[in-house]
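Me: I have a model open here and would like to go through its fold with you. Could we begin with the sheet and then turn to the packing?

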Amino acid sequence: MDLERIRKNIYHSYNEEYLKKILVNFYNQTLDTNNFNIENRNINKVLNSFFEDLIYNAKSKNGRYSPKEIIDNDNLLETALTYINEHKNFYHQKSVEANLRDFFFSSSMVGKVTNFNPVIARKIYEKYLPYENATIFDYSCVFGNRMLEALTSKYNYHYIGVDPYEELYKRLLTFSKWIKDNLNNKAITEIFNTGSEQYIPKLKEKIDLSFSSPPYFNYETYTNCNTQSYIKYNTYDS
């Protein structure tokens with residue numbers, strides 16, 4: 001098995017024009033806010049193109065290794081591929097890489113973190129804030145899903161996000177610019193590179209909706225940076 005080829009192809013790669021088309025089509029789509037069914041799965045490809053490497057680097061306590069640890073280690077990767085090969089009735093995607101992504105979701109060996117579904121996030125916004133220029137506060141940005149949905153609503157929301165992970169913060173700024181460059185709408189983004197426990201006086205009485213999906217204590221670890229809450233406060237009580 002060519003492990004280097006698998007490492008190269010495990011991350012999704014999409015044509016720039018294709019991603020722009022997905023973004024614009026979603027922006028123009030009217031969602032049914034009377035139910036919380038997922039009406040568009042293509043929009044996840046946009047998130048993958050910007051954040052998949054950071055998602056694979058993170059780990060939850062559901063498994064022993066992050067996807068990235070398995071990808072980078074010959075022995076772990078071969079163990080995963082052997083298991084997949086021995087369970088072909090379950091792993092029957094078109095490629096080795098697709099089967100490996102399924103393995104990341106289904107195996108107790110892997111603690112893959114999940115991303116809140118972006119379609120549901122936009123439905124929540126538009127159900128409870130069905131008017132222009134409302135301000136949304138997301139106290140744990142993570143991998144851009146709630147920001148994406150705030151910026152793809154016709155209501156031109158003002159999205160304010162907080163996240164202490166510096167690499168993720170930089171990626172969120174790049175992602176925000178890409179969205180606004182391609183939609184050219186009037187939505188506003190503010191991102192604060194800090195922990196959600198830090199009080200931000202300028203936001204007092206400015207928020208219309210606070211909505212997030214935080215990583216509770218050390219259940220999910222995104223990075224070993226000193227800014228991470230499970231490192232700053234190394235016990236649950238603290």
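Me: In what order do the four strands of the open sheet lie, and is the pairing parallel or antiparallel?

Reply: This is a predicted model. In it, the four strands of the open sheet follow the order 4-3-2-5, with parallel pairing.

Me: Which strands stand at the edges?

Reply: Strand 4 (188-192) and strand 5 (209-210) do. Each has a single partner strand, so one side of each lacks a neighbour in the sheet.

Me: Over how many bridges do strand 3 and strand 4 pair?

Reply: Strand 3, residues 158-162, pairs with strand 4 over five bridges in the parallel sense. Within that pairing, Tyr 159 has Thr 189 of strand 4 as its bridge partner.

Me: Now the packing. Which residues have the most contacts inside the largest nonpolar core?

Reply: They are Phe 51, Ile 70, Leu 100, Phe 103, Phe 104, Phe 143 and Phe 175, in a core of 61 residues. Helix 3 supplies the largest share of this core, with eight residues. Another core, of six residues, lies apart from it and includes Phe 137, Ile 160, Val 162 and Ile 200.

Me: What does Phe 143 touch, leaving aside residues up to four places away in sequence?

Reply: Phe 143 touches Leu 47, Phe 51, Leu 54, Ile 55, Ala 58, Val 113, Asn 115, Leu 168 and Tyr 222.

Me: And helix 6, which of its residues are buried?

Reply: In helix 6 (residues 96-106), the buried residues are Glu 97, Ala 98, Asn 99, Leu 100, Arg 101, Phe 103 and Phe 104. They pack against helix 1 (3-9), helix 3 (43-57), helix 4 (67-72) and helix 5 (74-86).

Me: What does the side chain of Arg 171 reach at 2.6 Å?

Reply: It reaches the backbone oxygen of Phe 50. Not counting residues up to four places away in sequence, Arg 171 touches Phe 50, Phe 51, Asp 53 and Leu 54.

Me: Last one: where does Tyr 233 lie?

Reply: Tyr 233 is in the segment after helix 10 (229-232). Its relative accessible area is 29%, and the residue is partly exposed.

Me: Which side chain does Tyr 233 join through a polar contact?

Reply: The side chain of Glu 197, at 3.1 Å. Beyond four places in sequence, Tyr 233 touches Glu 197, Gln 198, Phe 217 and Ser 238.

Key
Residues are numbered from 1 along each chain as its sequence is written. This is a predicted model: local features need pLDDT of at least 70, side-chain atom pairs count only at pLDDT 80 or more; totals for chains, interfaces and linings use all residues. Side-chain values use heavy atoms; hydrogens and water are left out. Buried means under 20% relative accessible area, exposed over 50%, partly exposed in between (1.4 Å probe, protein chains only). Helices (H or I, at least four residues) and strands (E, at least two) are DSSP runs, numbered from the N terminus. Contact means heavy atoms within 4.5 Å. A nonpolar core is a set of buried Ala, Val, Leu, Ile, Met, Phe, Trp, Tyr and Cys residues joined through side-chain atoms within 4.5 Å. Two strands pair if DSSP finds at least two bridges between them. A polar contact is a pair of N or O atoms within 3.5 Å; within protein, one must be able to donate a hydrogen and the other to accept it, and residues adjacent in sequence count only if both atoms are side-chain atoms.
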